[in-house]
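Subject: Structure for you to look at

Hello,

Here is the structure I promised to send over. Please open it first; my notes follow below.

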Amino acid sequence: MDVQEFLKMGGYAGYVWSAYGLTALVLLWNWWAARRCETNEQLSARRRSSVD
Amino acid sequence: MWLWIHKFGSPPHAYRLLGKLAPWFGWSALALIVGATYWGLVEAPRDYQQGDAFRILYVHAPSAWMSMFTYVVMAVAAGIGMIWRIKLAHAAAAACAPIGASFTFLALATGSIWGKPMWGTWWVWDARLTSELILLFLYLGYMALRSSFDDPQRADRASAVLALVGVINVPIIHYSVEWWTTLHQPASVTKLDKPSIAMEMLYPLFLMMLGFQLYFGWAISRRLRGEILRRERNARWLQESR
């Protein structure tokens with residue numbers, strides 16, 4: 001496979017790669033946000049129980 | 001059955017179960033999404049009309065599907081929470097909203113990126129695009145409504161009404177391409193007769209959809225665990241577990 005050709009995406013490189021890039025960003029954001037949602041609550045639950 | 005619902009509806013049980021399930025969802029989602037991306041970008045043949053731009057389909061259609069799927073899950077969870085007063089169901093509905101909003105945003109954005117080379121415009125106010133935009137506003141409205149209450153129980157009830165009323169938009173999105181003349185193409189996969197897309201183009205799409213579905217499973221597990229901890233902050237099981 002020709003890498004140059006592949007990257008060009010038949011002349012649609014800007015559209016195809018920006019769509020895939022954006023998808024990767026949104027999936028990564030979700031991953032980060034969901035993790036943060038869980039770990040923040042775990043931390044504050046731990047903090048509360050150590051204060052008690 | 002009732003026993004099972006009761007068991008699952010109990011926060012400590014759900015918390016532990018979701019913690020066990022999440023890694024399975026996560027790793028299988030990662031494997032499927034990576035595999036489908038490779039298949040869709042490299043192996044799938046070029047479309048004879050749309051050229052390589054059609055490959056945007058592999059991220060656009062799954063995110064559009066997930067935007068509607070997540071809303072239905074959210075509305076069903078909100079309905080269960082309203083009728084049977086199960087707090088865990090309200091928590092699940094609340095956990096759905098940000099995930100669904102992000103998928104809706106992604107569907108709109110990738111659709112727009114596809115629209116530019118194919119239709120010659122980033123955006124038109126046709127029925128499909130407009131109803132999908134309304135879906136985004138429903139998610140955002142749901143989250144704004146929730147955050148406007150200090151009391152979680154009042155937030156649950158008010159937002160559940162919004163989620164249930166808004167679900168009417170989901171069939172409108174799906175059938176918009178049949179009911180109205182739209183620039184958006186009609187369904188080519190979710191039809192009762194044979195799909196009008198070549199099988200070798202379809203397999204990576206199915207793979208990606210499954211991957212997104214599992215990814216949703218992972219994200220909802222993590223978020224729901226967070227929600228449970230927040231709501232159960234004074235519960236005894238939480239204090240006994242350490």
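Among contacts in chain B between residues at least 6 apart in sequence, what percentage join residues at least 24 apart? The figure is 76%. Please keep in mind that this is a predicted model.

Chain B overall

Chain B has nine helices and zero strands. The pattern along its sequence is α-α-α-α-α-α-α-α-α. The C-alpha trace spans about 65 × 35 × 30 Å along the principal axes of chain B. A compact globule of 242 residues would have a radius of gyration near 18 Å, and the 20 Å of chain B agrees with that. Buried residues account for 41% of the 242 residues in chain B.

The side facing chain A

Here 30 residues of chain B are in contact with 26 residues of chain A. Helix 4 (87–119), helix 8 (199–231) and helix 9 (236–240) of chain B each supply at least two residues of the side of chain B that touches chain A. Helix 4 of chain B gives the most, with eleven residues. By class, this side of chain B has 15 nonpolar, five polar and ten charged residues.

Helix 4 with helix 5

Helix 4 of chain B also packs against helix 5 (residues 127–147) of chain B: their axes come within 9 Å and cross at roughly 150 degrees. The cut-off for roughly antiparallel is over 145 degrees, so these two helices of chain B are roughly antiparallel to each other. Their crossing is left-handed. Helix 4 of chain B brings residues including Ala94(B), Ala97(B), Gly100(B) and Leu108(B) to the contact. Among those from helix 5 of chain B are Leu133(B), Leu136(B), Tyr139(B) and Met143(B). The residues of this contact divide into 14 nonpolar, two polar and two charged.

Helix 4 with helix 8

The axes of helix 4 and helix 8 of chain B come within 9 Å and cross at roughly 130 degrees. That makes helix 4 of chain B oblique to helix 8 of chain B. This crossing is right-handed. On the helix 4 side of chain B, the residues include Lys87(B), Ala91(B), Ala94(B) and Ile99(B). They meet residues of helix 8 of chain B, among them Phe216(B), Ile220(B), Arg223(B) and Glu227(B). Eleven residues of this contact are nonpolar, no residues are polar and four are charged.

Ala94(B) is worth a look on screen: it is listed in the contact with helix 5 of chain B and in the contact with helix 8 of chain B.

Best wishes

Definitions and conventions: Residues numbered from 1 in each chain as written. Chains lettered and ligands numbered in written order. Predicted model: local features only at pLDDT ≥ 70, side-chain atom pairs only at ≥ 80, totals over all residues. Helix = DSSP H or I, 4+ residues; strand = E, 2+ residues; numbered from the N terminus. Rg over C-alpha atoms; globule rule 2.2 N^0.38 Å. Buried ≥ 20, exposed ≤ 12 C-beta atoms within 10 Å, placed from the backbone. Contact = placed C-beta atoms within 7 Å. Nonpolar A, V, L, I, M, F, W, Y, C, P; charged D, E, K, R; others polar. Axes fitted to C-alpha atoms, helices over the stretch in contact; angles between N-to-C directions. Parallel < 35°, antiparallel > 145°, perpendicular 65-115°, else oblique. Left-handed = near helix turned anticlockwise from the far one by under 90°.
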